[in-house]
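Subject: Structure handover

Hello,

Here is the structure I promised to pass on. Please open it and keep it beside you while you read my notes.

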Number of protein chains: 2
Amino acid sequence: MTTTTDLDLAELGQQLRVDSVRATAAAGSGHATSSMSAADLMAVLLGRYLRYDFDWPDHPGNDHLIFSKGHASPLLYSVYKAAGAVSDEELLTFRKLGSRLEGHPTPKLPWVDVATGSLGQGLPVGVGVALAGRRLEPMPYRVWVLCGDSELAEGSIWEAFEHAGYERLSNLTAIVDVNRLGQRGPTRHEWDLNAYARRAEAFGWHAIEVDGHDPAAIDAAYAEALSVSDRPSVVLARTIKGRGVASVENREGMHGKPLPEPAEAIEELGGERRIRVDVARPAAATAPRSRHGVHAELPVFSLGEKVATRDAYGRALAAVGTDRGDIVALDGEVSDSTRSEFFAKEHPDRFFECYIAEQELMATAVGMQVRGWLPFVSTFAAFLTRAHDFVRMAAVSHAQLNVVGSHSGVAIGEDGPSQMGLEDLALFRSVHGSTVLYPCDANQTTRLVAEMAAEASGVRYLRTSRGGGPVIYGPDEEFPIGGSKVLRSSDEDRLTLVAAGVTVHEALAAADELAAEGIPVRVIDLYSLKPVDVATLRAAAEVTGCLLSVEDHHPEGGLGDAVLDAFIDGHPVPRLVRLAVTTMPGSATGDEQLKEAGIDATAITAAAHRALAV
Amino acid sequence: MTTTTDLDLAELGQQLRVDSVRATAAAGSGHATSSMSAADLMAVLLGRYLRYDFDWPDHPGNDHLIFSKGHASPLLYSVYKAAGAVSDEELLTFRKLGSRLEGHPTPKLPWVDVATGSLGQGLPVGVGVALAGRRLEPMPYRVWVLCGDSELAEGSIWEAFEHAGYERLSNLTAIVDVNRLGQRGPTRHEWDLNAYARRAEAFGWHAIEVDGHDPAAIDAAYAEALSVSDRPSVVLARTIKGRGVASVENREGMHGKPLPEPAEAIEELGGERRIRVDVARPAAATAPRSRHGVHAELPVFSLGEKVATRDAYGRALAAVGTDRGDIVALDGEVSDSTRSEFFAKEHPDRFFECYIAEQELMATAVGMQVRGWLPFVSTFAAFLTRAHDFVRMAAVSHAQLNVVGSHSGVAIGEDGPSQMGLEDLALFRSVHGSTVLYPCDANQTTRLVAEMAAEASGVRYLRTSRGGGPVIYGPDEEFPIGGSKVLRSSDEDRLTLVAAGVTVHEALAAADELAAEGIPVRVIDLYSLKPVDVATLRAAAEVTGCLLSVEDHHPEGGLGDAVLDAFIDGHPVPRLVRLAVTTMPGSATGDEQLKEAGIDATAITAAAHRALAV
């Protein structure tokens with residue numbers, strides 16, 4: 001093992017290159033040249049700056065190293081090998097079936113915090129990790145993020161620059177591998193480091209320009225970054241893609257490929273080396289801040305009282321936030337609308353205003369859950385589409401993340417279609433391993449929030465409503481995830497209405513109207529859209545033969561499709577009728593909107609008549 | 001009518017305020033204070049700078065005025081009234097059922113280019129409009145975009161700054177209404193205009209700071225913007241939210257509400273005025289550049305030849321681009337992967353490299369279709385999630401937009417889940433009025449591209465594959481949108497396999513295996529996922545009683561749900577079996593991935609056996 005002091009950093013850089021070449025050659029694919037450009041940057045970091053106990057990945061004092069340019073995974077794995085964490089044998093399983101060393105890093109490896117590979121995400125998440133280290137749990141760890149130059153075109157990167165600059169996160173260092181070449185060809189700014197420096201400085205960062213192949217200069221740049229105590233630093237390193245192998249250096253058309261002649265390349269790089277770095281350990285962890293809470297009662301609402309589910313959400317979140325000290329809330333500058341302001345008022349130290357930057361909002365939450373915090377992220381359901389890619393990647397990261405979208409559906413009223421969440425159920429249902437909940441009353445909302453707080457489980461989505469519906473459930477009713485509530489039922493039921501959220505109240509009114517006409521219908525409140533209550537839906541299908549779903553959402557991917565999840569294994573399927581928002585709404589009151597969209601009680605009653613007349 | 005020269009701009013500003021107050025008061029909702037802050041900015045623009053023929057909204061020389069802060073719609077409608085385009089009577093229909101004057105502007109109004117209201121979108125779209133005026137159809141129109149200060153937190157805004165700065169779009173002026181207050185409270189930078197100026201200048205813009213309530217200063221600022229010929233300009237205006245009514249001026253908690261005492265407010269503002277501005281007309285339009293094409297044959301592929309549908313897409317797009325001069329192609333720095341590079345090589349003047357900034361990529365396309373161009377936008381299917389909100393808003397805008405996502409599904413192989421489009425079908429199916437196409441071979445792809453080019457119709461999505469499958473259709477086969485192809489069929493069919501894209505080939509192999517076992521099954525290539533071929537699916541259901549869908553996508557919102565679109569009106573539903581990607585993939589070859597996900601021929605055959613054994 002080579003200790004830090006007598007380490008030859010240039011040699012280590014060459015080793016990282018050789019191993020990147022070897023791994024990609026063995027795989028027959030992968031990003032060799034993008035790894036070679038950043039090898040010296042990582043050699044200096046590993047040898048001199050990173051403080052990390054690879055035997056104890058959960059050490060609370062460990063630094064965080066995030067490859068925002070996730071395609072440089074061969075370099076990352078070569079770094080792990082140099083640190084003794086990955087064997088040479090495993091290195092050569094790169095990109096093969098069953099290997100932990102995937103084409104882009106994922107947390108299957110214990111030293112990887114989050115999956116990357118969708119560019120422009122690692123730095124935003126890194127901001128969340130750094131922010132936790134400052135505002136939640138003062139800890140001496142540093143966050144190092146390796147970025148590519150191409151990804152600086154992503155707006156999410158500038159949301160991250162803005163957020164970190166504003167929060168003065170001096171525990172964050174971005175290292176940009178400016179190798180001039182993207183996948184397809186040159187970047188906009190090529191080797192104009194100053195173009196990036198001007199932008200970063202304008203956003204409140206300290207920028208350092210450096211030759212990314214000069215270990216001494218890199219060393220000095222990192223030291224300078226460490227010395228800046230009032231803002232984050234970005235090290236802008238001029239590098240050469242494919243550095244070290246003349247035939248591929250700075251050449252277009254070599255992105256994402258192994259080297260054509262790996263044996264010769266390895267020889268040109270000086271052959272294999274066996275440097276093993278004794279990576280500096282983190283300082284003894286300071287006692288982590290207590291995350292214990294104080295027991296708090298959940299809010300309780302009276303039957304018949306009109307309460308918007310967003311109000312219940314805010315009050316319930318404030319209560320569970322008292323109960324559990326590890327809950328954090330983040331909002332996209334609409335906390336007065338989502339009602340996360342109730343949490344903010346009671347727990348200001350655990351509330352994070354992320355302004356109108358939904359990607360960074362989601363990324364900050366992902367970063368905080370890396371540190372073991374349980375985030376509740378809220379904004380308008382419609383604007384969560386802005387963070388879709390971050391939600392998708394959070395699932396790849398196996399992140400524990402609660403997301404809440406308010407102002408769902410046409411029921412919001414006059415503000416019009418730009419503000420209406422009409423695709424959010426489709427978005428969240430299609431996320432791997434997700435849970436999707438959509439309560440219709442305040443007590444139900446409260447209990448679901450408590451469940452989301454009690455036990456984290458992947459990406460969980462709660463959809464709330466702007467307007468106030470009547471409370472229909474008592475405060476002691478339980479609402480297990482994957483359950484449903486049968487609100488009207490008899491053995492004579494001729495049809496089943498399946499509703500959730502605002503349409504539950506419409507379905508109940510329709511059922512009462514139909515009952516008055518002598519037509520008994522069943523009503524199911526399908527508050528858990530994923531997973532769905534298979535048994536209850538199947539029982540209803542057996543008795544009534546027809547399920548009429550009604551939802552304040554586009555017809556694709558929402559409640560109607562969720563109903564089908566109970567019938568996709570070859571089980572007999574009942575007749576189906578689907579009411580959903582198929583028109584483009586304009587401005588109108590909430591009640592008018594439900595009527596115009598054909599999802600109010602009158603429309604349900606009419607559709608039931610039609611269905612029974614078939 | 002007041003002519004431009006003797007117009008009292010301060011008085012016009014007050015009129016715009018009064019009308020904003022009146023409209024919101026009549027509606028009982030809406031953003032009065034956010035309109036009042038920008039009234040003077042718009043008074044000077046309307047009175048002195050805008051060149052627009054309100055009687056001829058399609059005049060090719062008209063300027064473009066985009067309210068990126070769409071919630072200031074009362075101000076926009078008051079501007080239209082002052083220009084004589086909207087009557088006072090109509091102004092007072094604001095936010096009412098059936099009114100064109102919605103809570104946020106939409107193109108129901110002929111002077112509105114695109115719907116806004118999701119913040120951070122108007123400027124990115126404005127960049128597309130301005131870019132068209134420079135690179136596609138040299139025209140003297142200018143693009144004016146009114147932004148809020150809150151929305152400058154959106155990364156998409158900085159993607160727009162980067163794009164416009166790099167392209168040196170001096171025909172674009174952003175006007176930022178820095179009123180210090182967002183919805184919930186103060187913005188990050190409040191009245192620090194220089195914070196914004198530094199950022200804008202770093203991105204290559206000319207920044208001008210101004211008192212946003214001093215008409216003469218505003219006039220000078222706009223004149224300065226016009227005088228800058230080598231870059232876009234941003235006018236950063238210090239304003240007061242609620243300006244003119246002391247009780248609401250610069251006060252928190254007044255966002256998105258009518259004034260509490262409208263009659264008193266109007267009196268304080270000096271009462272109603274009847275100024276009618278004679279808006280300057282645009283210069284006589286220069287002859288628009290010819291958009292005629294030269295007839296070109298579509299590429300033709302031989303049966304059995306292995307061709308990736310992305311390759312067919314690129315070649316077909318290049319051909320239709322020759323055929324039609326109004327087609328433009330835009331890509332997110334992966335044209336060598338999506339194969340839009342084939343178009344770029346043949347039509348470099350109509351190809352736009354948008355780098356890795358998918359929001360700005362989509363917005364640029366939306367801006368170009370405002371000017372009558374027909375865009376094809378391409379990137380990896382997975383990364384289209386980044387632009388979800390822009391796609392959603394494009395539908396609200398009734399934009400004509402073709403989108404192509406490559407590298408769909410687990411079939412891409414070793415790159416792993418971050419690069420796999422597994423939610424894209426759900427995303428695009430849930431968009432209002434969308435069309436979703438997913439071809440399985442090269443000739444089919446070619447014909448579908450030709451249809452997308454022949455007639456625009458809302459948001460249309462084409463999903464392509466990375467790997468090459470065999471050509472199974474002849475070049476003269478037709479593939480109408482809304483159709484399907486029955487590839488195996490007999491009256492004895494015991495089951496129907498429904499597939500699309502890569503799984504068509506797996507389904508065919510499974511059908512052949514089952515046929516060899518004496519089990520005839522039907523195979524449907526459901527290349528049109530929205531709309532679906534109802535008749536063919538119902539016929540198959542009638543004959544076989546069971547539909548087994550198999551898709552390289554998550555189980556929610558994709559092919560399996562699309563099949564149901566044929567059965568949601570109460571029609572009897574067959575038994576359903578769904579094969580889809582339910583596991584989290586890692587790295588492996590494409591064939592291994594299909595096997596691991598349980599969507600290859602072997603898995604289909606096994607599922608068919610199970611379904612028939614029920």
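First, one term. A residue is called buried when its relative accessible area is under 20%, and exposed when that area is over 50%. Keep in mind that this is a predicted model.

Now use the term. Is Ser378(B) buried or exposed? Its relative accessible area is 0%, so Ser378(B) is buried. You will find Ser378(B) in strand 9 of chain B, which covers residues 374-380. What does Ser378(B) touch, apart from its neighbours within four places in sequence? The contacts are Tyr313(B), Leu330(B), Asp331(B), Gly332(B), Thr338(B), Ser340(B), Leu361(B) and Val404(B).

Next, go to helix 4 of chain B, residues 73-82. Here 10 of the 10 residues are buried, so the helix is largely enclosed by the rest of the structure. Among them are Ser73(B), Pro74(B), Tyr77(B), Tyr80(B) and Lys81(B). What do the buried residues of this helix pack against? On the helix side, the partners in chain B are helix 1 (9-27), helix 2 (32-36), helix 3 (39-49) and helix 5 (88-91). Strand 1 (64-67) and strand 2 (143-148) of chain B are partners too. Look just after helix 4 as well: Gly84(B) takes a positive phi of about 85° there.

Now step back to chain A as a whole.

- Chain A has 22 helices and 19 strands.
- Its C-alpha atoms fill a box of roughly 90 × 50 × 40 Å along the principal axes.
- A compact globule of 614 residues would have a radius of gyration near 25 Å; chain A has 27 Å, which agrees.
- Of the 614 residues of chain A, 69% count as buried.
- Take the contacts in chain A with a separation of 6 or more: residues 24 or more positions apart account for 79% of them.
- The accessible surface of chain A is about 17,900 Å², and 49% of that belongs to carbon and sulfur atoms.
- Chain A carries 56 positive and 84 negative charges, and their mean positions are 3 Å apart.

One stretch of chain A has a label from a record. UniProt, in an unreviewed entry, places the feature "domain: Transketolase-like pyrimidine-binding" at residues 307-471. Over those residues chain A is 40% helix and 21% strand. How far apart are the end C-alpha atoms of residues 307-471? They are 7 Å apart.

Best wishes

Conventions
Residues numbered from 1 in each chain as written. Chains lettered and ligands numbered in written order. Predicted model: local features only at pLDDT ≥ 70, side-chain atom pairs only at ≥ 80, totals over all residues. Heavy atoms only, no water. Helix = DSSP H or I, 4+ residues; strand = E, 2+ residues; numbered from the N terminus. Rg over C-alpha atoms; globule rule 2.2 N^0.38 Å. Buried < 20%, exposed > 50% of the residue type's maximum accessible area, 1.4 Å probe, protein only. Contact = heavy atoms within 4.5 Å. Areas by Shrake-Rupley, 256 points an atom, 1.4 Å probe, with all protein chains shown as cover. Lys, Arg positive; Asp, Glu negative; His and termini not counted. Charge placed at Lys NZ, Arg CZ, Asp CG, Glu CD. UniProt positions renumbered as here; feature names shortened; annotations may be inferred.
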